[in-house]
Amino acid sequence: MIKRALTRSAVVAGAAIASTVCIPAPAHAHHVEFTPLPVAYSLGENFSVPCSGQLTGAVHTPHDRPGQVTVSVSWLPFFTGQCHNAIFVNYWSAVGENGQGSGSRLILLPFASRAFAPLTGEITFPMTSGGGSMTVAPNAVSTTYLDPLANTVRFTVA
């Protein structure tokens, strides 16, 4: 009788331990809200050195606005001039079917720029909740084109 009770206790304890150790944890809703974009350098439109600069920014996926992505960019021109500054935001949803949730957006920055005076812009668009990735590039030859995978940012949308 003692042996049977001891065996029964061992089975119950073993089942309890196995259920807590072997069962995967539930998904956690917390994710990083801000993901920095890699720094990209550009010669400027039409290989124009006077329009060259540096592109930085961040991807914001707020907890309080599920399915929304905000991309903020900052363009730091190296020279003063009249330059067409357009920033392309190419994004892909990991959970979208048939390309849904993927696309390209454009952020237009002011035409006139002063040396080392940052130009900023931002865009918000809907994206399917789950994983996503993005490449942000200026409208000119840049380091983004040399190694696109190194300039691809992965993030989670709430």
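Reader: Which residues does Gly 67 touch, not counting residues up to four places away in sequence?

Author: This model is predicted. Within it, the place of Gly 67 is in the loop between strand E3 (53–60) and strand E4 (68–77). Not counting residues up to four places away in sequence, Gly 67 touches Phe 125, Pro 126, Met 127, Ser 129, Val 157 and Ala 158.

Reader: Does Gly 67 count as buried or exposed?

Author: A residue is called buried when its relative accessible area is under 20%. The relative accessibility of Gly 67 is 13%, and therefore Gly 67 counts as buried.

Reader: How many Å apart in space are Gly 67 and Gly 101, C-alpha to C-alpha?

Author: In sequence, Gly 67 and Gly 101 are 34 residues apart. In space, the C-alpha to C-alpha separation of Gly 67 and Gly 101 is 9.9 Å.

Reader: Why does Ser 113 count as buried?

Author: Ser 113 is found in strand E8 (residues 112–113). Leaving aside neighbours within four places in sequence, Ser 113 is in contact with Pro 77, Phe 79, Thr 80, Gly 81, Cys 83, Asn 85 and Leu 119. The limit for a buried residue is under 20% relative accessible area. Ser 113 counts as buried because its relative accessibility is 5%.

Reader: What percentage of the residues of the chain count as buried?

Author: Gly 67 and Ser 113 are examples of buried residues. The chain has 158 residues, and the share that count as buried is 37%.

Reader: Which residues are the closest to the centre of the largest cavity?

Author: A search of the whole structure finds 2 cavities of 30 Å³ or more, and the largest has a volume of about 60 Å³. The largest cavity is lined by 13 residues, and the closest to its centre are Gly 44, Trp 75, His 84, Asn 85 and Asn 139.

Reader: How many residues of the lining of the largest cavity are charged?

Author: Strand E2 (40–44) and strand E6 (86–93) each supply at least two residues of this lining. By residue class, the lining of the largest cavity holds 7 nonpolar and 5 polar residues, and the number of charged residues is 1.

Reader: How many residues of the lining of the second largest cavity are nonpolar?

Author: The second largest cavity holds about 50 Å³ of space. Leu 37, Pro 38, Ala 40, Leu 55, Thr 56, Val 136, Thr 144 and Asn 151 form its lining. Among these residues no charged one is found, 3 are polar, and the number of nonpolar residues is 5.

Technical notes: Residues are numbered from 1 along each chain as its sequence is written. This is a predicted model: local features need pLDDT of at least 70, side-chain atom pairs count only at pLDDT 80 or more; totals for chains, interfaces and linings use all residues. Side-chain values use heavy atoms; hydrogens and water are left out. Buried means under 20% relative accessible area, exposed over 50%, partly exposed in between (1.4 Å probe, protein chains only). Helices (H or I, at least four residues) and strands (E, at least two) are DSSP runs, numbered from the N terminus. Contact means heavy atoms within 4.5 Å. On a 1 Å grid over the protein atoms alone, a cavity is a set of points where a 1.4 Å probe fits but cannot get out, and a pocket is an open set with protein on both sides within 12 Å along at least five of seven lines; lining residues have an atom within 4 Å of a point. Grid points are joined across faces, edges and corners, and a volume is the space filled by probe spheres set on the points. Ala, Val, Leu, Ile, Met, Phe, Trp, Tyr, Cys and Pro count as nonpolar, Asp, Glu, Lys and Arg as charged, and the others, Gly among them, as polar.
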